[in-house]
Amino acid sequence: MEKAFKRSININRYLNEVYIEVQKKDFKDACIYLYQNGEAILRTMFAADERQIDGTFKIYSVFSVPGKDEFSIIYTSLSGDDLSFPSITINIPAAHWYEREIHDMFGLVPEGHPDLRRLVFHDSFPAGSHPLRKDWSARESDLREWGEGIIVKKPYAFMEVEGEGITEIPVGPVHAGIIEPGHFRFSSVGETIFFLEPRLFYTHKGTEKHFETLGFSEGVRLAERVSGTSSFSHSAAYCMAVERMAGIGLTEKAEAVRTLLLEIERLYNHIGDIGNMCAGSGLAVGYAKGAVIKEQLMQLNERLTGSRYLRGINTIGGVNSDAFLKKDHIMTVLDAVTKEYKSLMKLLLGSVSHMDRVEKTGKLSRDIALKLGVTGVAARASGINDDIRKAHPHLLYDRLYFEPHTTSKGDVFARMMVRAEETECSISMIETLFENSYGGALTAEKKDIPPLSSALGYTETPRGSVFYWVKSDANGKPLRVKFRSPSYCNWPAVPFAVHGNIVPDFPLCNKSFNLSYSGCDM
Amino acid sequence: MIKEILKNLTRKKNVIPYPEGFGFSSEEAARIITLQDGIDGIFKRSLRIRQVDAGSCNACEWECTALTNPVYDIQRFGIDFVASPRHADLLLVTGPVSRQMELALKKTYIATPEPRLVVACGDCSIDGGVYKCSYAVANGVANVIPVDCYISGCPPSPLRIIEGLLALLKKLTA
């Protein structure tokens, strides 16, 4: 395997990204070598249609080794008529959704993949149609039939559990609560969930293709609307990718504003999530308290940026307004929030009924979390010390003191406590940010996007790591924009966490992960 | 929790004050209160809403959830969100309607008993918003089911949603 790595065709370094080109036959071995020997984490894997440049499709897999601020991007070219590549799923289970997605979107076949059912598209989407290919176009009648959803063009076989006493419970896509759509199929034995198969991608909006039709600077608006409650992190990661590609360096001021707003976003999400878990455990007073604190922070967002979801602030090369000017206001709200939040936590930890529901529920083992490449709060609650802010310091995170909070329990309670610790951490980080002053203009000088260049952008959203990879074509327009939201990595772990729990605990488990459907469905 | 209940019972004021930091102008408050008349008149203090996410980014859903929090407390008007379209008077649809949600949205619409109202909530639901012309969206709710009222905003704040519902009720009484 090491040989495969050494046979690489060429190695390019750009910032902290190392692009390693390997031959197709070496692709699998090179990935496995990095995964097993370097204990690298698979961050994302994707394909790109680069036929207009050199007549090939490319497969990229992005790894990062813990403790090292460096991304190893192994890629290979698929030329000619042979549109298959060796699957790495058997050895690196985290790749299983990525490969199915590549199969759907590009029609490239991962050879040796154990489960090549459709992932993104549902039954009525025409067979042999692959939207991310550059020469793809859709017939109006095909799209209409896809929407009508009546003609089955490629059936999807749900995994069935057979045996005495097994009941199948289908739920969704329209749920009872005010949440996003997704279909869940429980196979239960009495009250206990034996197997859960989620069928997602109901909110698939063709976002990656849509990025290609917009320019790089218009893409910011779209990035903000990929996942509602992570608007700022998504747009920050997208802007970072474009800025790195164009070689734009941010001013200290812009970096400080982005860091501040990222932490405020984390704060309102974490407190809202803790409150929301009470809705799952039936503790109405905790839910109401959490909602009031969240509302306070949402109104703060609106006063800082004009948007309750921190939209319209990020722009390529910097930010549009200076949140530091409203220091007094932020501090007043932060003080009030801290006080309320502490009383909320006291209430939750002192409530026997709540604690009884959250402890030992929805356990996700470290082993499975590691194999599936779980990220964010869910990973840290299962004992994986992984935080992009620490692993790949960006913005002002290398100057701020904080530690990733981990616990090994992996249950709903662990996820609640990781959120609680990170909330306190975020509050102190915001306070620290205000101790210094930051110089420079809000936006850096504009630069043209260089042709045929690419770069990664990343940050830690409240749910986990988000990655954007952008590549420009010969005219400096978007050739490919790939994003990987944290929910995309964490959804496959939910069925493992709920296995053996009772059906009524599913909403609680689900809320403890708090995954975005829209971000996952692309 | 018992402490919390006791505290509220023994508190002299009957009304729990808003936590500090919330600002509503008296004009806004007055506008919202007029909503009550419409609900009392037509719906006899009971307007039941079923929220349907047809591919939104989830921001609109959180604003709908915020409507039920103690700050906006939409239940005081007699409005509530229900779990099934069969219990609903009004469908509040968000999102540009992704192709894979079209069928589910139509089925939800059919499951809602007549007379029914449909409100398209958020910029995406009006014409597709930022997702307009993507291959996987139907560019707005009106392309799939008939719509009675549009509420703009990305996302519309809870106050705007209340105002939008008010405008719809006014139209019905006029």
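Reader: Which residue just after α2(A) takes a positive phi?

Author: That's Glu39(A), with a phi of about 50 degrees. Bear in mind that this is a predicted model.

Reader: How do you know that α2(A) has the length expected of a helix?

Author: Helix α2 of chain A covers residues 24-37, which is 14 residues. The expected span is 1.5 Å times one less than the number of residues, and here that comes to 20 Å. From first C-alpha to last, α2(A) reaches 20 Å, so the helix is close to what the rule expects.

Reader: What makes a residue of α2(A) count as buried, and which ones do?

Author: A residue is called buried because 20 or more other C-beta atoms lie within 10 Å of its own. In α2(A), the residues that are buried are Asp26(A), Phe27(A), Lys28(A), Ala30(A), Cys31(A), Leu34(A) and Tyr35(A).

Reader: And why does the length of α8(A) agree with the rule?

Author: Helix α8 of chain A (residues 231-246) has 16 residues, so at 1.5 Å a residue it should span 22 Å. Its end C-alpha atoms are 23 Å apart, which agrees.

Reader: What makes you call α8(A) mostly covered?

Author: Here 16 of its 16 residues are buried. After α8(A) comes Gly247(A), and its phi is positive, near 75 degrees.

Reader: Which domains does chain A have?

Author: The domain assignment gives domain 1 (2-117), domain 2 (157-199) and domain 3 (207-312 + 326-521). As for domain 1 and domain 3 of chain A, their C-alpha centres lie 27 Å apart.

Reader: How do you know that those two touch, and how many residues take part?

Author: Two residues are in contact if their C-beta atoms lie within 7 Å. By that test, domain 1 of chain A gives 19 residues to the contact and domain 3 of chain A gives 20. On the domain 1 side, β3 (41-50) and α3 (51-54) of chain A each give two or more residues. β3(A) gives the most, with 6 residues. Sorted by class, that side has 12 nonpolar, 4 polar and 3 charged residues.

Conventions:
Residues numbered from 1 in each chain as written. Chains lettered and ligands numbered in written order. Predicted model: local features only at pLDDT ≥ 70, side-chain atom pairs only at ≥ 80, totals over all residues. Helix = DSSP H or I, 4+ residues; strand = E, 2+ residues; numbered from the N terminus. Buried ≥ 20, exposed ≤ 12 C-beta atoms within 10 Å, placed from the backbone. Domains from an automatic or database assignment. Nonpolar A, V, L, I, M, F, W, Y, C, P; charged D, E, K, R; others polar.
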